[in-house]
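Hi,

Here is the structure I promised to pass on. Have a look at it first, and my notes follow below.

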Amino acid sequence: MNGFLPFLKKEITQTLRTYKLLILVLVLVSFAVMSPALARFTPEILQLSGIEGMIALPAPVALDSWIQFYSTTSQMGILALMLIYGGILSGEKSKGTLVLPLTHGLSRSAALLAKYLVSVGGWTVSLALAALVNHLYTLYLFPGEEVAFVLGGLASFWLCGVFLLSLVPLSSVLVKGSFGGLALPGGVLFTLLVLMIFPDLFSFNPLLLASSPLQVMAGVDEWTILLPALITSAVTSAVAVAAAMVLFRRSSL
Amino acid sequence: MKLEFGNVVGVSDNVLDLIFAMLPFLIPIVLIQLVLMIVALVSVLRHDSFKMGNKVVWVLVVVLINIIGPILYFVLGRGDD
C-alpha cells in the first residue's frame, strides 16, 4: 500500500476541484428541499387545479416527506452518484494519467482503494447533508410529528449506495473504455431490479435497502427484515473491492 | 392569510397563499439551480477542448436544462485542464 495517504489527499483535492462533490451535494440537497414540500402541498396543488374531488387524499404526515425523499434519491440520486463517480478509475485508465504515479512507487491497490474511498466519502457527505435538510424541512412542515428509524433507514440506504459504488472499481478493471466503470453496476442494478419480482430471493436483494426502511419507519415491519440484504450488501462490497485490487495488480494498464 | 402548518385542511384556498407557503422551498431550489448553472457555465467558457460536443452546445445545455444540464456537462463534456 505504498503512497496511499498522499494519493488519497490528491484524490480528495481532485473531487473538490472538479466540482464532483459540490454537484452531488447540490443535486441531493435539491431533492431534500423538494421532497417535504411535495409531500405537504400536493393536496393543495390538486385542490387548486380542480381535480381534488376525484381522488380522496389522506392528510399528509411527516413520513410522507421521507417517502418522497427515498423515491427521488433512490432513482435520480443514485443515477447522479453513479454518473459522477462511475468514471473515477476508467477515466484515468483510458487517458493513461495513472501510469506516472504508478511507475513512481504508488502501489496499484493503494490507488484503487483511495479512489474507491473518495467515492464512498462523496456519497456519505452528500447523503448526510441531504438527509439533514430533509429532516429540518420535515420538522418545519410537520411540527411535533416523530418518525421512527430515520437514522437506521438512512444507514441502510447508505449501504445500498456503497454496494453499487463497490462494483465500480471491479468493473473498471474488467471493462475497457472511459465508461467501463459503469458496465458492471448497470448490469447488476438491472438484474437486481428484475429479481425484485421473485419473492424467494427478495429478502437478500440489496435494492431492498433503498425502499424497505420505509416499512420499518411506518411501523409495518421490524428492522430485522433488512438484515439479509444488509449482510449481502456488506459482504458483496468487500469481496468486489478485494477482487478488483487483486485483478488490478495483474492487469496491464 | 390563513397559513397554518401542521393543519392540512384548508391551509390555503388561493394560488398566492400556496406560493407564499412554498417560498421557503422555491427560493433554495432556484438558488441551487443558479449555482449549478454558474459553476458549469464558468467552466464551459474557460475550456476550449471538450470530451464531446463544443462550446456553443454546452452553453445551451447548461443554461437551458435545469440541474441535469450541469451534471451532463461535468460528466460528459468537461475536458482536461
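Which two side chains meet in a salt bridge at 3.0 Å, N to O? Those of Lys10(A) and Glu11(A); a salt bridge here is a side-chain nitrogen of Lys or Arg within 4 Å of a carboxyl oxygen of Asp or Glu.

Before the rest, some housekeeping. This is a predicted model, in which local features need pLDDT of at least 70 and side-chain atom pairs count only at pLDDT 80 or more, while totals for chains, interfaces and linings use all residues. Residues are numbered from 1 along each chain as written, chains are lettered from A and ligands numbered from 1 in the order written, and side-chain values use heavy atoms, without hydrogens and water.

Back to that pair. Lys10(A) is partly exposed at 34% relative accessible area, whereas Glu11(A) is buried at 5% (buried means under 20%, exposed over 50%, partly exposed in between; 1.4 Å probe, protein chains only). Glu92(A) also bridges to Lys10(A), at 3.8 Å, N to O. That one links distant parts of the chain, with Glu92(A) in helix α4 and Lys10(A) in helix α1 of chain A, 82 residues apart (helices are DSSP runs of H or I, at least four residues, numbered from the N terminus). Then there is Lys115(A), whose closest N and O atoms with Glu11(A) are 3.1 Å apart. Lys115(A) sits in α6 and Glu11(A) in α1 of chain A, so this bridge ties together parts 104 residues apart in sequence. Put together, Lys10(A), Glu11(A), Glu92(A) and Lys115(A) are linked in a network of salt bridges.

Now the interface. 31 residues of chain A are in contact with 29 residues of chain B (contact means heavy atoms within 4.5 Å). The area buried between the two chains is about 2700 Å², and 81% of it comes from carbon and sulfur atoms (buried area is the accessible area, 1.4 Å probe, that two parts lose on being put together, summed over both). There are zero salt bridges between chain A and chain B. On the chain A side, α2(A) gives the most, with 16 residues.

Ser30(A) counts as buried, at 0% relative accessibility. Leaving aside neighbours within four places in sequence, Ser30(A) is in contact with Ile29(B), Ile32(B) and Ile67(B).

Cheers

Key: Helices (H or I, at least four residues) and strands (E, at least two) are DSSP runs, numbered from the N terminus.
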